[in-house]
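Subject: Structure handover

Hello,

Here is the structure for your files.

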Amino acid sequence: MDKQNETRRVMITLSDQAIAKLDQLVAEKQRKLNQNPELTKYNLRVNKSNILEAWLSHQ
């Protein structure tokens, strides 16, 4: 299974509480990104898939 399919599979099985926590993590990471002047020039965006892929790659 490739990384994208695995990420989709995990997203589908998450509870509402887990999705809310994931949304909170996305907002927190995006806020940190926006506060870093070195990174703001790249207009980077954090999303749920980014966080899940990072988490899955460490499993």
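First, a term. A patch is made of residues with over 30% relative accessible area and no salt bridge; like charges are joined within 9 Å, and nonpolar side chains (Val, Leu, Ile, Met, Phe, Trp, Tyr) within 5 Å. Accessible areas come from the Shrake-Rupley method with a 1.4 Å probe, and for residues only the protein chains shown count as cover. A salt bridge puts a side-chain nitrogen of Lys or Arg within 4 Å of a carboxyl oxygen of Asp or Glu.

Ground rules next. This is a predicted model, where local features need pLDDT of at least 70 and side-chain atom pairs count only at pLDDT 80 or more, while totals for chains, interfaces and linings use all residues. Residues are numbered from 1 along each chain as its sequence is written, and side-chain values use heavy atoms, with hydrogens and water left out.

**Overall**

The protein chain has four helices and zero strands. Helices (H or I, at least four residues) and strands (E, at least two) are DSSP runs, numbered from the N terminus. The C-alpha trace spans about 35 × 25 × 15 Å along its principal axes. The chain exposes about 4,800 Å², and carbon and sulfur atoms supply 51% of that. Of the 59 residues, 17% are buried. Buried means under 20% relative accessible area, exposed means over 50%, and partly exposed lies in between (1.4 Å probe, protein chains only).

**Surface patch and the loop**

Leu39, Tyr42 and Leu44 make a nonpolar surface patch. Together they have about 280 Å² of accessible area. Leu44 sits in the loop between helix 3 (37-40) and helix 4 (48-57). It counts as partly exposed because its relative accessibility is 37%.

Asn43 is in that loop too, between helix 3 and helix 4. Its phi is positive, about 55 degrees, although it is not a glycine. Most residues other than glycine have a negative phi. Asn43 has a relative accessible area of 53%, so it is exposed.

**Core**

Which residues form the largest nonpolar core? There are eight: Val10, Leu22, Val26, Leu33, Val46, Ile51, Leu52 and Leu56. A nonpolar core is a set of buried Ala, Val, Leu, Ile, Met, Phe, Trp, Tyr and Cys residues joined through side-chain atoms within 4.5 Å.

Leu33 is in contact (heavy atoms within 4.5 Å) with Leu39, Thr40, Leu44 and Val46, leaving aside neighbours within four places in sequence. Gln30 is in helix 2. It is buried, because its relative accessibility is 11%. Not counting residues up to four places away in sequence, Gln30 touches Leu44, Arg45 and Val46.

**Salt bridges**

The whole structure holds two salt bridges. One joins the side chains of Asp23 and Lys48 (3.1 Å, N to O). This pair links distant parts of the chain: Asp23 is in helix 2 and Lys48 in helix 4, 25 residues apart. Asp23 is partly exposed, at 37% relative accessible area. Lys48 is partly exposed as well, at 27%.

The side chains of Lys32 and Glu28 also meet in a salt bridge (3.8 Å, N to O). Both lie in helix 2, four residues apart, about one turn of the helix. Glu28 is partly exposed, with a relative accessible area of 30%.

Best wishes
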